[in-house]
Amino acid sequence: MERERREILMRLRRIEGQVRGLAGMIEREAPCLDVLTQVGAVTAAMKKVGLVVLQAYLEECLGRETSGEKETRESLREFQKAVSRYINWA
């Protein structure tokens, strides 16, 4: 999980820089097409962060030992909720 955490933080810092760049573009009155291109890039980067988080959650939540069928079903329900929230946002 440590590797995933570092990867997520690295991606978020890169996105933070992209967002600051977008703010600068707005301040400089950059052409709308250029701004929208960068908004699309930030959006795609955030979606990728979401996928990395989902993958880490899947590995952590469903990869751990469970003591029975009830715990497995509960873990699957939790993961389904996480996927649903991500899909509705994305």
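Predicted model: local features only at pLDDT ≥ 70, side-chain atom pairs only at ≥ 80, totals over all residues.
**Entry: the core.** Next I wanted to know which residues make up the largest nonpolar core. There are eight in all: Ile8, Ile15, Leu22, Met25, Val35, Val42, Val49 and Val52. Helix H1 (2–27) and helix H2 (32–63) each give at least two residues to this core. I jotted down a general reminder beside it: in soluble globular proteins, nonpolar side chains tend to be buried together.

**Entry: helix H1.** Which residues of H1 are buried? My list reads Glu4, Ile8, Arg11, Ile15, Leu22, Gly24 and Met25. I also checked the length of H1: at 1.5 Å a residue, its 26 residues should span 38 Å, and the end C-alpha atoms are 38 Å apart, so the two agree. Just after H1, I noted that Glu29 takes a positive phi of about 55°.

**Entry: the whole chain.** Stepping back, I counted three helices and zero strands. From the N terminus on, the elements run α-α-α. How much of the chain is buried? Buried residues make up 20% of its 90 residues. The chain exposes about 6,800 Å², and carbon and sulfur atoms supply 57% of that area.

**Entry: contacts along the sequence.** Last, I looked at contacts between residues at least 6 apart in sequence, and 58% of these join residues at least 24 apart.

Terms used. Residues numbered from 1 in each chain as written. Heavy atoms only, no water. Core = buried A, V, L, I, M, F, W, Y, C linked by side-chain atoms within 4.5 Å. Buried < 20%, exposed > 50% of the residue type's maximum accessible area, 1.4 Å probe, protein only. Helix = DSSP H or I, 4+ residues; strand = E, 2+ residues; numbered from the N terminus. Contact = heavy atoms within 4.5 Å. Areas by Shrake-Rupley, 256 points an atom, 1.4 Å probe, with all protein chains shown as cover. Expected span 1.5 Å × (residues − 1).
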